[in-house]
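This report covers the fold of one chain and then the surroundings of a single residue.

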Amino acid sequence: MTAQAGTGRTNQKQRTRTAIVAAARELTGTGAEVTMPAIARAALVSEATAYRYFPDLPSLISEALAGVWPPPAEALAPVADSADPVERVAFACEFLLRGILARQGSVRAMIAATITRPETVTTRPGIRFGLIDHALLPLEDTLGARDPDGFAQLKRDLAVAVSAEAFFTLTDLCGLDPDEAITSAVRTAATLTEAAVRANA
């Protein structure tokens with residue numbers, strides 16, 4: 001094989017990979033169901049080809065979502081000047097859940113895959129944790145210093161409420177429409193934060 005042929009083959013592989021990721025990114029932005037066959041069709045490749053580049057759906061979704069979510073400081077910029085952790089947490093919760101709603105097909109696919117294959121859980125983006133940490137920055141020198149265990153517990157409590165799992169529980173099992181579900185989750189997150197602040201005042 002000549003060097004030129006080898007380079008051409010490498011370039012073709014890169015174009016194919018790029019097309020698969022681009023198709024996945026576009027599909028995740030629609031909120032529709034995200035599957036490997038659907039992504040392969042959109043990328044104009046066979047499903048087998050898609051699996052040659054990505055061993056499973058979580059790894060492909062993870063790459064497709066890379067850079068889609070802004071960093072926590074940018075996401076919480078509208079409340080950057082607020083020292084009120086309750087306001088900041090409420091904003092972070094709504095920001096996350098609105099983003100999940102817009103990308104729910106890919107989020108559902110990622111959750112389903114990691115439930116059936118727990119070893120792939122590291123491919124999940126974990127956006128909530130960065131948002132929660134940034135939202136609670138005003139408490140680091142107060143609650144975080146006085147009661148590190150309580151502060152850690154608050155973060156764990158919020159990880160339950162500020163989550164895709166909570167959102168889908170409220171919509172799928174409780175029958176709330178998306179806006180009602182977001183309002184409910186935001187209220188829960190704010191209440192948890194307010195209670196922790198009050199208990200350590």
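What percentage of the residues in the chain is buried? Of the 201 residues, 39% are buried, where buried means under 20% relative accessible area, exposed over 50%, and partly exposed in between (1.4 Å probe, protein chains only).

## Basis

This is a predicted model, in which local features need pLDDT of at least 70 and side-chain atom pairs count only at pLDDT 80 or more, while totals for chains, interfaces and linings use all residues. Residues are numbered from 1 along each chain as its sequence is written, and side-chain values use heavy atoms, with hydrogens and water left out.

## Chain

The chain has 12 helices and 0 strands; helices (H or I, at least four residues) and strands (E, at least two) are DSSP runs, numbered from the N terminus. Its C-alpha atoms fill a box of roughly 70 × 40 × 30 Å along the principal axes.

Among contacts (heavy atoms within 4.5 Å) with a separation of 6 or more, 68% join residues 24 or more positions apart.

## Threonine 171

Threonine 171 is located in helix H11 (residues 164-173). This residue counts as buried because its relative accessibility is 17%.

Leaving aside residues up to four places away in sequence, threonine 171 touches Arg108, Leu176, Asp177, Pro178 and Ala181. A polar atom of the threonine 171 side chain lies 3.3 Å from the backbone oxygen of phenylalanine 168.

Definitions and conventions
A polar contact is a pair of N or O atoms within 3.5 Å; within protein, one must be able to donate a hydrogen and the other to accept it, and residues adjacent in sequence count only if both atoms are side-chain atoms.
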